[in-house]
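Notebook open, model loaded. I'm jotting things down as I look them up.

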Amino acid sequence: MSVLKTIIKARYLRKEETEAEKILWEKLRNNNLGVKFRRQHPIDMFIVDFYAPSIRLAIELDGSLHKEKENREYDKDRAMYLELRSITILRFWNSKIEKNLDKTLTKIKEKIKELQ
């Protein structure tokens, strides 16, 4: 995917966020956890749900589509690509955000502290 297409797709995804993304964004935005996050952030040809550039932390939220074999393989390849660029990835199921946000935030805070 070209850089321009990636940017256009990221803009679209910001407007079409999932309920889990809305919930987590309210907690991540405005430096609420001590670092600045961006949502639907392009990194080369990929777009991560949330990204804190100062500590190279990406947060990905997965829905039921990520259970399909083809998507699992894509996620694995994408993760390897990002990790080779020294980007740490945290993955959470949408249902965990919606049902147990506090536990998710605790894990994110721990990772932020570790990476700072």
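**Threonine 104 and its helix**

I started at threonine 104, which sits in helix α5 (residues 101–115). Helices here are DSSP runs of H or I with at least four residues, strands are runs of E with at least two, and both are numbered from the N terminus. Ground rules before going on: the model is predicted, so I take local features only at pLDDT of at least 70 and side-chain atom pairs only at pLDDT 80 or more, while totals for chains, interfaces and linings use all residues. Residues are numbered from 1 along each chain as its sequence is written, and side-chain values use heavy atoms, with hydrogens and water left out.

Is threonine 104 buried or exposed? Its relative accessibility is 3%, so I log threonine 104 as buried. (Buried is under 20% relative accessible area, exposed over 50%, partly exposed in between, with a 1.4 Å probe and protein chains only.) The threonine 104 side chain reaches the backbone oxygen of asparagine 100 at 3.3 Å. Leaving out neighbours within four places in sequence, I find threonine 104 in contact (heavy atoms within 4.5 Å) with Phe92, Lys96 and Ile97.

Next, α5 as a whole. I checked its length: 15 residues at 1.5 Å a residue should span 21 Å, and the end C-alpha atoms are 21 Å apart, which agrees. (The expected span is 1.5 Å times one less than the number of residues.) The buried residues of α5 are Leu101, Thr104, Leu105, Ile108, Lys111 and Ile112. They cover an arc of only 125° around the axis, so they are on the same side of α5; the arc is taken over directions from the helix axis to the C-beta atoms. On the face turned away from the buried side I found the exposed residues Asp102, Glu110, Lys113 and Glu114. The cover over the buried residues of α5 includes α2, β3 (57–62), β4 (88–93) and α4 (94–99).

**Lysine 96**

Lysine 96 comes out as partly exposed because its relative accessibility is 48%. Not counting residues up to four places away, lysine 96 touches Leu101 and Thr104.

**Rings**

How many aromatic pairs does a search of the whole structure find? I got 3, pairing Phe, Tyr and Trp rings (the six-membered one for Trp) with centres within 6.5 Å; planes under 30 degrees apart are stacked, over 60 edge-to-face, the rest tilted. Tryptophan 25 and phenylalanine 50 have ring centres 5.9 Å apart and planes at 10°, so I call that pair stacked. The pair links distant parts of the chain, with tryptophan 25 in helix α2 (residues 19–28) and phenylalanine 50 in strand β2 (residues 46–52), 25 residues apart. Both tryptophan 25 and phenylalanine 50 are buried. Phe46, Tyr74 and Tyr81 make up one aromatic cluster.

Most residues other than glycine have a negative phi. I noted aspartate 44 with phi near 55°, in the loop between β1 (38–43) and β2. Serine 86 has phi near 60° and lies in the loop between α3 (69–84) and β4.

Definitions and conventions
Polar contact = N/O pair within 3.5 Å; in protein donor to acceptor, adjacent residues only side chain to side chain.
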